[in-house]
Amino acid sequence: MEATYHPKQIEKAAQDYWEANQSFKVTEAPSREKFYCLSMFPYPSGKLHMGHVRNYTIGDVISRFQRMQGKNVLQPMGWDAFGLPAENAAIKNGVAPASWTYENIEYMKGQLKQLGFGYDWSRELATCKPEYYKWEQWFFTRLYEKGLVYKKMSVVNWDPVDETVLANEQVIDGKGWRSGAPVERREIPQWFVKITAYADELLNDLDTLDWPEEVKRMQANWIGRSEGVELTFDVKDSPEKLTVYTTRPDTLMGVTYVALAPQHPLARKAAQGNGALTAFLEECNRVKAAEAEIATMEKKGMDTGLKAIHPITGNEVPVWVANFVLMDYGSGAVMSVPGHDTRDHEFALKFGLPIQQVIAPKNPDQEVDVQAEAFTDKGLLVNSGEFTGMTSEEAFDAIAARLESLGKGHKTINYRLRDWGVSRQRYWGAPIPMLYLEDGREAPVPAEDLPVVLPEDVEMDGVKSPIKADPEWARTTYQGQPATRETDTFDTFMESSWYYARFACPDADTMLDPQRANYWLPVDQYIGGIEHAILHLLYARFYHKLLRDEGLVDSPEPFKNLLCQGMVLADTFYRTDADGRTTYYNIKEVELETDSKGAVVAARLKADGQPVEIGGKVKMSKSKNNGVDPQEMIDQYGADTVRLFMMSAAPPEQTLEWSEQGVIGAHRFLKRLWTLMHDHLAAGPVPALDTRALSDAAKALRRKTHETIAKVTDDISRRNTFNTAIAAVRELINLVTDTQSKAQGDDVRATIHEALETSILLLAPITPHICHALWQAFGHEEAVLDAGWPKVDESALVKDEVLIVVQVNGKVRAKLNVPADISKAELETRAQEEENVSRFLEGKTIAKVIVVPGKLVNIVAR
């Protein structure tokens with residue numbers, strides 16, 4: 001064993017060993033307990049960032065720990081390879097998205113290997129490969145046959161100059177990113193999957209998951225189950241009817257207008273021959289209105305001139321078009337009760353519409369003025385005819401019953417969740433396997449004609465998808481007659497919604513091999529950012545239930561446990577020029593001035609020596625120019641140092657503040673560890689450990705060793721607090737150093753050997769390369785990867801002596817080291833005889849003595 005720690009040599013040797021021995025390749029073994037650990041696979045953007053490193057280090061630590069428990073561990077890796085960034089990069093760099101993607105995959109794969117992540121690379125997949133998306137296409141045709149897929153008109157961003165659909169990211173301040181033309185909202189036919197058919201199951205099964213409560217709450221809110229009433233308003237002098245849904249039928253008597261979405265058919269009909277209304281609808285169609293933006297956007301509207309008939313009173317109320325009503329939610333029409341809804345109130349005040357109070361507080365002393373502010377709580381009905389005096393809860397049932405008797409409404413359950421639109425008008429995605437026939441029918445691509453292969457050797461002009469621009473690609477036949485292929489591609493969430501299952505059997509000649517899939521699934525531990533809490537995780541849960549109903553898997557959920565790691569933060573430095581433009585500088589471009597405690601107090605740009613502003617720590621990003629290249633850290637300090645810092649700086653679910661001083665500290669610890677191990681082995685043979693004949697120092701060290709095993713095991717297996725596990729090993733190493741300096745003897749040397757070997761095993765999941773080398777240096781033939789996790793010797797935890805705190809009237813007066821098996825009577829006597837205790841007992845009578853065994857004696861004296 002060399003005296004100096006050389007991370008490059010050590011890490012290459014370990015990685016070569018794992019490669020040569022295919023250490024992480026696994027197969028199904030029904031007789032063994034399995035553990036499937038999966039980190040969310042990356043988009044191959046070009047190089048890893050520190051968020052990736054943190055995510056994948058957490059997964060690797062868990063995987064290696066579970067392997068050392070004797071489990072059959074699967075940890076795969078692949079690439080979420082389709083998506084718009086590849087198209088943008090292709091346009092910028094003049095290359096095809098496919099070649100750009102594959103080059104990035106190779107580079108990032110090398111980085112992952114350098115970090116020592118224990119992946120079964122034989123299972124690697126890339127979602128842009130036909131052998132992967134073939135089965136996604138096949139499954140889509142199965143869903144179509146089951147009636148779970150349909151096509152309908154849906155709104156997209158349309159660039160009228162480039163005549164193309166734009167992704168949300170391509171709309172900059174309401175204009176097309178290339179043409180600069182104002183973007184329009186246009187309806188085109190798109191494909192949807194009926195996720196709403198599974199809404200109840202998706203909601204109810206959240207209770208079965210060991211997931212962060214915040215994530216489950218976010219999903220529950222997104223699904224948005226509510227109980228309410230669906231009712232209809234007749235339209236005066238028209239056969240049309242307006243259907244609305246409300247969770248507050250108790251406020252029905254306070255409706256003073258009905259509001260329509262700008263895309264509502266009745267709004268379009270009313271605009272015929274009405275130039276002002278037509279112009280208003282066109283204005284609304286140019287502006288994207290997402291649900292999250294509704295609360296803060298300026299409320300705009302226009303009277304259609306139509307009148308709706310109140311379903312109970314028969315009164316006429318005006319029908320308005322309002323930009324805060326979304327066609328995608330509900331029926332695109334809402335009954336507006338400005339007295340008891342904040343948004344309706346704001347609109348009514350702006351346009352001078354009536355505001356009527358129909359709910360009063362249950363507390364008669366509470367003053368309410370609905371003209372000034374909406375009263376949104378439930379209470380008692382007022383000004384509501386036959387329903388006046390009822391509570392809101394009573395009125396819910398009564399009004400629902402009245403509407404049902406009139407044939408005007410009924411109770412129903414509604415969901416905020418909408419069906420999943422899977423059509424994208426982009427090129428770099430899996431083609432949707434549908435055909436359009438000359439006779440107007442549509443048909444799924446037959447299984448024998450799958451996959452519908454996306455051509456990869458293309459040129460991107462930034463305007464139109466190559467497969468949309470090439471009529472020959474779309475031209476085909478179906479059952480002997482001419483047909484045209486669908487030129488839309490799948491939403492990339494389609495690929496990421498089932499990749500975890502394909503990892504279980506990536507070479508299967510069907511979508512899944514149920515036997516192999518059911519061995520590995522569900523995933524035991526899934527790791528990823530909380531930003532995926534809704535879309536990816538919800539779609540994956542939905543997809544899994546679809547797979548179950550197809551008979552491909554048995555389990556109802558894809559992921560048993562979910563760990564959401566926090567973001568990686570770093571310092572920001574910037575200047576703002578006279579025009580208000582802000583330029584951010586990387587930490588490598590600035591010179592820092594720190595105080596006596598190491599805190600940064602000033603910064604100057606190296607290029608000109610002038611000050612820059614310190615923006616504080618925020619999430620690492622390209623826009624803030626505060627990223628740290630993992631490759632530079634690996635090259636300078638080694639992968640184990642990076643892994644150790646990532647795991648020790650913060651609990652995994654919390655944000656991690658990047659600190660190069662922290663990285664240097666981690667590197668220093670590994671060098672110290674190496675030197676300690678080297679010096680111990682260089683001292684010669686180690687005598688056998690005889691636990692029956694240990695000195696006090698040896699007993700103390702051995703007790704600390706086994707306390708550390710217990711703590712680290714609990715920290716990793718139950719709590720996922722890797723930082724406290726590392727801190728515990730550091731404490732053990734400190735005690736080893738201290739014991740070496742103060743005690744000698746064969747028993748001490750033997751217990752030091754045990755402590756050092758234990759430290760290697762405990763750190764092996766976190767810093768696998770150095771531990772691989774040290775384990776070999778300690779004379780073990782098998783790799784540390786295959787060594788069992790250390791077990792606690794309960795006898796080592798037994799203390800011969802315990803420290804007892806002695807109090808007089810609740811105040812500490814002494815501390816005693818006494819035999820662990822001392823009797824209660826003897827302990828009371830020893831406590832009272834202690835000099836400082838007896839001094840406080842002089843002239844007093846002992847009323848009682850309270851003894852907490854092994855901890856405390858409290859003498860009550862008066």
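In this structure, Leu547 touches Phe139, Trp498, Tyr500, Ala501, Met511, Leu512, Leu552 and Val553, leaving aside residues up to four places away in sequence, where contact means heavy atoms within 4.5 Å. The model is predicted, so local features need pLDDT of at least 70 and side-chain atom pairs count only at pLDDT 80 or more, while totals for chains, interfaces and linings use all residues. Residues are numbered from 1 along each chain as its sequence is written, and side-chain values use heavy atoms, with hydrogens and water left out.

**Nonpolar cores**

- Leu547, together with Phe140, Tyr500 and Trp658, has the most contacts inside the largest nonpolar core, which holds 174 residues; such a core is a set of buried Ala, Val, Leu, Ile, Met, Phe, Trp, Tyr and Cys residues joined through side-chain atoms within 4.5 Å.
- Another core, of 49 residues, lies apart from the largest one and includes Leu266, Ala271, Val370 and Ala400.

**Thr641**

- Thr641 lies in helix 20 (residues 639-648), a helix being a DSSP run of H or I with at least four residues, and a strand a run of E with at least two, each numbered from the N terminus.
- Thr641 counts as buried because its relative accessibility is 0%, where buried means under 20% relative accessible area, exposed over 50% and partly exposed in between (1.4 Å probe, protein chains only).
- Not counting residues up to four places away in sequence, Thr641 touches Val663, Ala666, His667 and Leu670.
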